[in-house]
2 protein chains.
Amino acid sequence: MIYTARVKVMPLKDLLDPQGKAVLVGLKKLDIHTIADVRIGKNIDLQIEAASKDEAKSIAAEAAGKLLANPVMETFEVSMDDV
Amino acid sequence: MIYTARVKVMPLKDLLDPQGKAVLVGLKKLDIHTIADVRIGKNIDLQIEAASKDEAKSIAAEAAGKLLANPVMETFEVSMDDV
């Protein structure tokens, strides 16, 4: 069966996020002043063929740890779409 | 009050996602063969100062429509963190 997993990769909390800071400046130029902070990461949708949801989740976590996220600068979270 | 909104920006379904295809090749080289498709977009966390959750959500949607997503190539979804 095919399962859909979502991997959210975000920069570590203690690190500066220059992309987010740039977007924050852009928002102020568009007269949106109520946004106090922006952090930008990646969202990766995976279609995984597996026997069970748990197996699919562990495959997604393996892929995230090995390739999708850089643990020096990023954290990741895996969530499964409900099927 | 400060609310946290998440904006998920993904490439349109009908468009090729070259970044996702490249990651798919990388996964195969790491001997992960059970992943059939990869699509990569952005995940943007916003800290929004607003009077209510609904107001915060509409501010997030405005920011996403004006600046965060490119409607020619991308769709976006706004979700609120439960507080």
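In this predicted model, the side chains of A:Lys8 and B:Asp45 form a salt bridge, with an N to O distance of 3.9 Å. A salt bridge also joins B:Lys8 to A:Asp45, where the closest N and O atoms lie 3.9 Å apart. This second pair runs between chains, from strand E1 (residues 2–11) of chain B, which holds B:Lys8, to strand E2 (residues 35–49) of chain A, which holds A:Asp45. Between chain B and chain A the count is 2 salt bridges, while the structure holds 8 salt bridges over all chains.

The interface as a whole draws 31 residues from chain B and 31 residues from chain A. Together, chain B and chain A bury about 2,600 Å², and 65% of that area falls on carbon and sulfur atoms.

Helix H1 (residues 18–29) of chain A and helix H2 (residues 53–68) of chain B have axes that come within 11 Å and cross at roughly 100 degrees. Because angles of 65 to 115 degrees count as roughly perpendicular, H1(A) is described as roughly perpendicular to H2(B). On H1(A) the contact is made by A:Val23, A:Gly26 and A:Leu27, and on H2(B) by B:Ala63, B:Leu67 and B:Leu68. By class, these residues comprise 5 nonpolar, 1 polar and no charged.

Helix H2 (residues 53–68) of chain A likewise packs with helix H1 (residues 18–29) of chain B, at an angle of about 100 degrees and with the axes 11 Å apart. H2(A) is thus roughly perpendicular to H1(B). Here A:Ala63, A:Leu67 and A:Leu68 of H2(A) meet B:Val23, B:Gly26 and B:Leu27 of H1(B). The contact of H2(A) with H1(B) again has 5 nonpolar, 1 polar and no charged residues.

| Helix pair | Crossing angle | Axis separation |
|---|---|---|
| H1(A) and H2(B) | roughly 100 degrees | within 11 Å |
| H2(A) and H1(B) | about 100 degrees | 11 Å |

Technical notes: Residues are numbered from 1 along each chain as its sequence is written. Chains are lettered from A and ligands numbered from 1 in the order in which they are written. This is a predicted model: local features need pLDDT of at least 70, side-chain atom pairs count only at pLDDT 80 or more; totals for chains, interfaces and linings use all residues. Side-chain values use heavy atoms; hydrogens and water are left out. Axes are lines fitted to C-alpha atoms, for helices over the stretch in contact, and angles run from 0 to 180 degrees between N-to-C directions. Helices (H or I, at least four residues) and strands (E, at least two) are DSSP runs, numbered from the N terminus. Angles under 35 degrees count as roughly parallel, over 145 as roughly antiparallel, 65 to 115 as roughly perpendicular and the rest as oblique. Contact means heavy atoms within 4.5 Å. Ala, Val, Leu, Ile, Met, Phe, Trp, Tyr, Cys and Pro count as nonpolar, Asp, Glu, Lys and Arg as charged, and the others, Gly among them, as polar. Buried area is the accessible area (1.4 Å probe) that two parts lose on being put together, summed over both. A salt bridge is a side-chain nitrogen of Lys or Arg within 4 Å of a carboxyl oxygen of Asp or Glu.
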